[in-house]
Amino acid sequence: MRLVVADCAARYTGRLSAHLPRATRLLVVKADGSVLLHSDGGSYKPLNWMSPPCSTAVTEPDAEQAAAGVTQVWTVQHAKSDDRLVVELYGVQHDSTHELGVDPGLVKDGVEAHLQELLAAQIALLGSGHVLVRREYPTAIGPVDILAKAPDGGTVAVEIKRRGDIDGVEQLTRYLDLLNRDPLLTPVRGVFAAQEIKPQARVLAKDRGIACLLLDYDAMRGVDDVDSRLF
């Protein structure tokens with residue numbers, strides 16, 4: 001992993017256009033080729049990024065860029081689309097490379113991990129005709145709990161929590177933003193699944209176009225006989 005702290009500006013073109021004015025930022029280049037731009041705020045969400053498969057070319061600035069103080073230009077091109085991230089570096093304060101090795105990935109504890117396993121085995125809880133693609137679908141910002149295919153051919157990303165709050169909805173929103181950039185997956189809709197979902201999280205999910213799904217842990221484990229309930 002390469003970490004670069006630099007005075008830079010960036011622009012993203014393709015299916016969407018975005019511009020980051022000149023400022024000091026952290027640039028992260030991962031072994032899979034992905035490039036992420038971070039500020040000192042905003043928690044762990046990057047300001048902009050390019051997901052793999054992509055390639056980065058480092059070139060000298062043209063005359064106009066050099067006159068403005070640009071010292072090098074990074075052009076990050078997606079391999080399967082016209083999406084492109086161009087980063088203009090004015091000055092580098094830090095540049096280091098680190099070998100992190102193979103990461104075992106996120107291991108969820110207790111009930112939350114079991115909920116993921118159970119929902120993957122009972123994917124029809126999302127609705128008739130849904131098909132599991134895989135658990136722990138990898139992205140540049142972390143794994144999506146479950147990725148599935150809907151009967152209409154669309155993709156469904158599921159985030160699973162024991163107790164669903166606003167942070168979980170925000171996390172799923174970031175995944176959806178990233179996944180919908182992949183032409184092989186889009187359109188991707190979200191499902192926020194939990195044993196308990198707080199009212200504020202439901203409101204935010206609805207505003208983001210994300211469906212909510214309550215999970216009955218006992219019923220999914222076969223412990224609770226719903227047919228024998230009086231109420």
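Across the interface of domain 1 and domain 2, the rule finds zero salt bridges. The model on display is a predicted one, and the tour starts at this interface.

**Stop 1**

On the domain 1 side, 13 residues take part in the contact, and domain 2 contributes 12 residues.

**Stop 2: the interface surface**

The size of an interface is often expressed as the accessible area that is lost when the parts come together. For domain 1 and domain 2, the buried area is about 1100 Å². Carbon and sulfur atoms account for 55% of that area. Which three residues supply 46% of the area that domain 1 buries against domain 2? Select Arg15, Tyr44 and Trp49, for these residues supply that share, more than any other three.

**Stop 3: Lys80**

Next, select Lys80, which is located in the loop between β6 (72–78) and β7 (84–97). Show the residues around Lys80: apart from its neighbours within four places in sequence, Lys80 is in contact with Pro53, Pro183 and Leu184. Now select Asp7 as well and display the distance between the two C-alpha atoms. Lys80 and Asp7 are 73 residues apart along the chain, and their C-alpha atoms are separated by 29 Å.

**Stop 4: a salt bridge between strands**

How many salt bridges does the structure hold? The count is eight. To see one of them, select Asp95 and Arg2, whose closest N and O atoms are 2.7 Å apart. Asp95 belongs to strand β7 and Arg2 to strand β1 (residues 2–13), so this pair ties together parts that are 93 residues apart in sequence.

**Stop 5: helices α3 and α4**

Finally, select residues 166–179, helix α3, together with residues 199–207, helix α4. Their axes come within 8 Å and cross at roughly 25°. Angles under 35 degrees count as roughly parallel, and α3 and α4 are therefore roughly parallel to each other. Show the side chains where the helices meet: Ile166, Val169 and Glu170 belong to α3, while Gln200, Ala201, Leu204 and Ala205 belong to α4. Of the residues in this contact, five are nonpolar, one is polar and one is charged.

Conventions
Residues are numbered from 1 along each chain as its sequence is written. This is a predicted model: local features need pLDDT of at least 70, side-chain atom pairs count only at pLDDT 80 or more; totals for chains, interfaces and linings use all residues. Side-chain values use heavy atoms; hydrogens and water are left out. Axes are lines fitted to C-alpha atoms, for helices over the stretch in contact, and angles run from 0 to 180 degrees between N-to-C directions. Helices (H or I, at least four residues) and strands (E, at least two) are DSSP runs, numbered from the N terminus. Angles under 35 degrees count as roughly parallel, over 145 as roughly antiparallel, 65 to 115 as roughly perpendicular and the rest as oblique. Contact means heavy atoms within 4.5 Å. Ala, Val, Leu, Ile, Met, Phe, Trp, Tyr, Cys and Pro count as nonpolar, Asp, Glu, Lys and Arg as charged, and the others, Gly among them, as polar. Buried area is the accessible area (1.4 Å probe) that two parts lose on being put together, summed over both. A salt bridge is a side-chain nitrogen of Lys or Arg within 4 Å of a carboxyl oxygen of Asp or Glu.
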